[in-house]
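Here is a short tour of some backbone details to follow on screen. Please have the sequence and the 3D view ready.

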Amino acid sequence: MRLRSLCLVLLVLGSVAVPSVAGGATAAEPTVEIAVGSTSIADGDTYRTGSDIEMTVNASVGADAPSGASLDEIVVRVNGERAESIAVNGSTVSETVEPELSNGNNSVRVIVTDDAGNVNSTAFTVTKDAEAPHVYLTGPYQSAPWKPIADGETNGTETTVAGNVIDDSAVEKLRVTRAFDGDRSTRVFRDVGENFSTEMLLGYGENETNEFRLTASDEFGNVRIYTFSIDVTDDRGPTISLDPVPNETARHRIDLAGTVEDDVGVRSANLTVTGPGGNVTKTAQVASPRTPRLDPDRLSVAFDEPIYTLYTGTYEADITVTDVAGETTTETVTIERRSREDRDLAPEIRVDRDRTVVLGPERLFLSGVAFEGMTERLVVETRDAETGETVDYQVVHSGSRSERVEFDREVAIGENRTDVIVRATDPDGVEHTERFVVDGRTQETFVGENDGAATDDWPKVSVQSLQDGRTGTASASVTVERGTADTTVSVPDSGGPSDVVGTANVTLDRMAVDLAADANVTATVVARERASDALSAPGGATPAASVTVQHSVPDDAVDSVTFDLTVRRTYLDAHGLEPSNLSVHRFSDGGWSAIETTLVETNETRAHYEVSSPGLSVFSLATDPALAGTDGNATADGTANGTAGDETTADGARNETTRNESSDGGEATVFVTNVTVNRTEAAVNESVAVNVTLANDGDAEDTYTAGLQTIHGVNVTLQETRPVTVAPGEEETVGFTTQFAREGNHTVMVNGTQAGPVVVSQGGGLFSFLSVLSILPLRLIGMAVGGLLGLGLVLVLLRFVLGKVGGDGDSAGG
């Protein structure tokens, strides 16, 4: 009885277990393999495609299926609907199915059954992207999503083309092409993401427009093309920015310098000077007539013209600029020419409020000038505003009278508020004072003068062009006041000039400085192209251009710097340089390193690079050092036609000063300290000796070129130049000899420092004799006088003796 019961239990358990194995075990189910192209698909997978798929289903009866079982049906369902139903027969089958898919995600299920009732079901997802990407603009104007991009307009020729991209898959490539008057410019973006942005230069013409073609391609080859046009409008007239000039002067010459700018382009700019009698004394084209249809150099044109004020009275200088749209702006400068006897000797002190900034809790960079009158002594004093105690006292100028004294220096200040006092003493001993208050704790300059300013007015960014007479070199002063941590400061800002600094062929268009700490920044930025001097570059590389940024901000206060560099194609072609072979290198910690450089545009006009750097320094646009010797201009030490590491910058308006950064990080500062002549009166064509003293207060050796010029009236003539090597902390002297061919007052000048005047006359007679005596040593003069007196005495005695002998003879004969 027990045995029967046990068998019954086993029979029941077996009857329950067998269907469970048949329904869930893979051994009895049909075996199914699914492939789309060469890709195997498993349960739960996702497959991406740009079109409908061709799916292969390979199936066979399960290993544990009943003997003689045969496959019965293959069913394909898409998004819950039956797409295919195929009756099959046999133990092994292979079928190809092409189900119709919707755009987007599709749920696909493949069901295979056999005639024994066994089932295999495989579910997966197919994402179909058969639609090309959609693009809509966000700049320079807004277009509607999902629709064609409509034509639009923008003010000014410099604009930002930006937009958003909509697509179910990844957009691999976006191409933006602008065509205007035969000129074509293209930007290409890869792996675009959801948006894009690029700066582009547009053309301006009354009957012409900028034709755009925007092509977007996704990873499946779906392409959408947009065509549209953008017209350039001119909402404002040209602007004129003039450097300061004196209202009154006793000099024969004034230099009028500045910049004319326009949003669409400067057609022409002219200078007209009217003298005291109402007669026109000068006309000049400061920007030659041109119809710039697509020329970035005509957005801003710098000029520097001399105005000769030979007679006393009022002079008016009119600057008139016309843009390509025909709008005109005129600015008039009035200068009163006084005689030296009538002029006011009181100097005017002007502090440069853009460049004067607090560098830290206890340091102030002070910049300015004393001009118009005569300055005999200029001092700077800082006092603690609370205690009145002197913090710093520096003598800027003393001993000689000067019509213009500039000051660019660091002075000590207190931790909190400090009074800054600048005193200029005129020849009559009268002091003239300019004073203001700074705060070392808040790093605020001119405390109390900006209380009404809105907080969002900071930081203050200014860019000022500096006069730089070196070939292929341009300099600018950059100031950032009250920059804050974790912000990006753009140089120049929206209200500033169109670029930072540029030569005829190399332009630093913009800089973006990411600040890691609150800071004020003062910097001198110098752009240099290949000229007579060397360019800094890595060893073995061929340099195309260099940019030097000498700055006051600590390295740890800057996270990163990005800047745009533009180089003319004609310049690169002339030196045999291919734009795609150039990249930017940075000098840091005594060596060069390549930094991230992107060639974002190249066309017949220019090559445009975007550069990312970890900090400010000396930068060189050059070939890879491995390409050394490709054009014959690079030497083993990485320079072109010169000496390694020669990277000089201008010192404001003091053209007589050069700074040379050596390869070990030292800097030389060489300048003229004194110029003397050995006589103040001379005859025509008589030699005059000129002695020059040079000093180097830097910590590196430098070779300085001293140039002797002579001034007679309004004529300035270069007589001779001589290179002089000056060791750090040392002085050197150099001598010149010159003559003057015309009568009158002559002045000698060496690199801006003058001596004289030398009064020149026809000479001869007593004047010539006294002139000769004036240069003879006293001992020689005494010997000559003594000799003449002795010779006279001998002649007297001889005459007496001869007379005596003659008398005696007469007596004897009688």
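## About the model

This is a predicted model, in which local features need pLDDT of at least 70 and side-chain atom pairs count only at pLDDT 80 or more, while totals for chains, interfaces and linings use all residues. Residues are numbered from 1 along each chain as its sequence is written, and side-chain values use heavy atoms, with hydrogens and water left out.

## A five-stranded sheet

Five strands form an open sheet in the order β3-β9-β8-β5-β6, with mixed pairing. Strands here are DSSP runs (E, at least two residues), numbered from the N terminus, and two of them pair if DSSP finds at least two bridges between them. At the edges sit β3 (46-49) and β6 (81-90), each pairing on one side only.

Within this sheet, β8 (residues 104-114) and β9 (residues 119-128) run antiparallel and are joined by ten bridges. Val 108, for instance, has Phe 124 in β9 as its bridge partner.

## Two cis peptide bonds

The bond from Gly 139 to Pro 140 is cis, with omega near 10 degrees. Pro 140 lies in the loop between β10 (134-139) and β11 (152-155).

Val 491 and Pro 492 are also joined by a cis peptide bond, with omega about -5 degrees. Look for Pro 492 in the loop between β36 (487-491) and β37 (501-502).

Asp 191 is not a glycine, yet its phi is positive, at about 50 degrees. This residue is in the loop between β14 (183-190) and β15 (195-201).

Phe 446 is not a glycine either, and has a positive phi of about 60 degrees. Its loop runs between β33 (431-439) and β34 (460-466).

Are these two residues buried or exposed? Phe 446 is buried (under 20%), at 3%.

Methods:
Helices (H or I, at least four residues) and strands (E, at least two) are DSSP runs, numbered from the N terminus. Buried means under 20% relative accessible area, exposed over 50%, partly exposed in between (1.4 Å probe, protein chains only).
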